[in-house]
Amino acid sequence: MTTTGAHSSSQPARTRRSRLRTFVPLGVAAWLVLEVWLLTLVAGASSGLMVFLVLLAGVVLGSVIIKRAGRRAFRSLQETLRQQQGGTPPEARPNSEGNGLTMLGGLLVMIPGLLSDAAGLLLLLPPVQKAVSRYAERTFERRLRAAGPGTLGDAFRQARMHRPDGKVVPGEVVRNDAPTDRSQRPPLTP
């Protein structure tokens with residue numbers, strides 16, 4: 001029996017991989033090879049002990065950077081919570097931003113390798129942090145605009161109920177905030 005319409009093949013349509021999924025693994029592999037090559041060059045120019053000391057210094061310096069940025073972020077959070085509990089709106093602090101990028105810089109310094117150390121040290125510079133932060137913010141806003149209508153609150157208000165047969169039924173959560181008298185409810189018996 002034949003039907004009219006589009007021809008359906010027995011093989012499902014193959015989805016195309018994004019460029020990011022294709023080139024990121026290749027970039028990571030090239031970065032690792034370059035890091036090892038640079039470390040062997042340094043070991044050939046000096047000694048294996050010098051390479052070990054450089055790697056150890058990177059781990060120690062990176063952990064100090066991450067610890068300081070974490071403490072600064074925690075103090076900023078405590079101050080904001082203290083202001084909110086006091087009833088005053090939290091004031092903007094100009095030096096409170098960039099803790100995440102500082103932590104990322106510290107992590108890059110901790111990762112063994114000279115390129116990651118250089119990238120981590122660059123990320124610790126305030127002008128570089130501001131540029132990276134602006135770029136990330138613009139990219140994030142562009143992606144949110146491209147996502148289409150709806151807000152994050154709409155996504156949280158929607159719920160999915162799973163039925164016993166495995167079907168998913170989209171629904172909406174409705175809260176009834178009216179106070180109820182607990183004495184009117186029947187007791188729960190097993």
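How many salt bridges does the count come to by the rule that a side-chain nitrogen of Lys or Arg lies within 4 Å of a carboxyl oxygen of Asp or Glu? The count comes to one salt bridge. The structure is a predicted model, in which local features need pLDDT of at least 70 and side-chain atom pairs count only at pLDDT 80 or more, while totals for chains, interfaces and linings use all residues. Residues are numbered from 1 along each chain as its sequence is written, and side-chain values use heavy atoms, with hydrogens and water left out.

The salt bridge joins the side chains of R82 and E79, at 3.1 Å from N to O. Because R82 and E79 are three residues apart in helix α2 (residues 48–85), about one helical turn separates them. R82 is exposed at 51% relative accessibility, whereas E79 is partly exposed at 29%; buried means under 20% relative accessible area, exposed over 50%, and partly exposed in between (1.4 Å probe, protein chains only).

D117, in helix α4 (residues 114–123), is buried yet has no salt bridge. The nearest side chain of opposite charge, that of R68, is 17 Å away. Apart from neighbours within four places in sequence, D117 is in contact (heavy atoms within 4.5 Å) with L108, V109 and I111.

A positive surface patch is formed by K130, R134, R138, R142, R143 and R145. Patches are made of residues with over 30% relative accessible area and no salt bridge, with like charges joined within 9 Å and nonpolar side chains (Val, Leu, Ile, Met, Phe, Trp, Tyr) within 5 Å. Of these residues, R145 is found in helix α5 (residues 126–146) and is exposed, with a relative accessible area of 61%.

Conventions. Accessible areas come from the Shrake-Rupley method with a 1.4 Å probe; for residues, only the protein chains shown count as cover. Lys and Arg count as positive and Asp and Glu as negative; His and the chain ends are not counted. The place of a charge is taken as NZ of Lys, CZ of Arg, CG of Asp or CD of Glu. Helices (H or I, at least four residues) and strands (E, at least two) are DSSP runs, numbered from the N terminus.
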